[in-house]
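Here is a short briefing on one protein chain. Look over the sequence and the fold before reading on.

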Amino acid sequence: HSPIVLLDSPDAGARLSGAATITWAGSDADGDPLIYSVLVSADHGATWEMLVDGLTQATFTWDLTGIPAGSAYRIKIVATDGFNTGLGVSDQDFSIEGRTYLPLIRH
């Protein structure tokens with residue numbers, strides 16, 4: 001059987017900054033242990049980049065320092081039992097808020 005993955009957070013429409021905890025639930029009908037990869041998309045899911053690979057826990061804390069601000073982010077969790085693969089994907093976008101810099105006025 002293929003693993004089943006249900007993404008818990010971040011929620012659709014969430015506005016994230018600082019550090020974000022990504023959580024999901026993974027199961028396998030065969031009872032096999034699961035290994036997870038977390039991927040991110042900044043373009044509504046058109047392209048994906050690996051955040052972390054080889055996780056055995058269903059949680060990951062993502063340091064958003066230096067991540068470009070945007071409102072088209074999605075997360076994909078890939079679970080494998082060593083033979084079969086299952087996916088959990090954000091069905092809607094969330095935002096990453098960047099730092100706001102105020103203009104410096106000199107007199």
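Predicted model: local features only at pLDDT ≥ 70, side-chain atom pairs only at ≥ 80, totals over all residues.

Residues are numbered from 1 along each chain as its sequence is written, and side-chain values use heavy atoms, with hydrogens and water left out.

**Nonpolar core**
- The largest nonpolar core has 21 residues. Such a core is a set of buried Ala, Val, Leu, Ile, Met, Phe, Trp, Tyr and Cys residues joined through side-chain atoms within 4.5 Å.
- W24, V38 and W62 touch the most other members.
- β7 gives the largest share, 4 residues. Strands are DSSP runs (E, at least two residues), numbered from the N terminus.
- V38 has contacts (heavy atoms within 4.5 Å) with residues including I22, W24, F60 and I77.

**Aromatic pair**
- The structure holds 2 aromatic pairs (ring centres within 6.5 Å for Phe, Tyr and the six-membered ring of Trp; planes under 30 degrees apart are stacked, over 60 edge-to-face, the rest tilted).
- W24 and Y36 form an edge-to-face pair, because their ring centres are 5.3 Å apart and their planes at 70 degrees.
- W24 lies in β3 and Y36 in β4, so the pair ties together parts 12 residues apart in sequence.
- W24 is buried at 3% relative accessible area, and Y36 is buried at 4%. Buried means under 20%, exposed over 50%, partly exposed in between (1.4 Å probe, protein chains only).

**Around E97**
- E97 lies in the segment after β9.
- At 33% relative accessibility, E97 is partly exposed.
- E97 touches R15, L16, S17 and A69, leaving out residues up to four places away in sequence.
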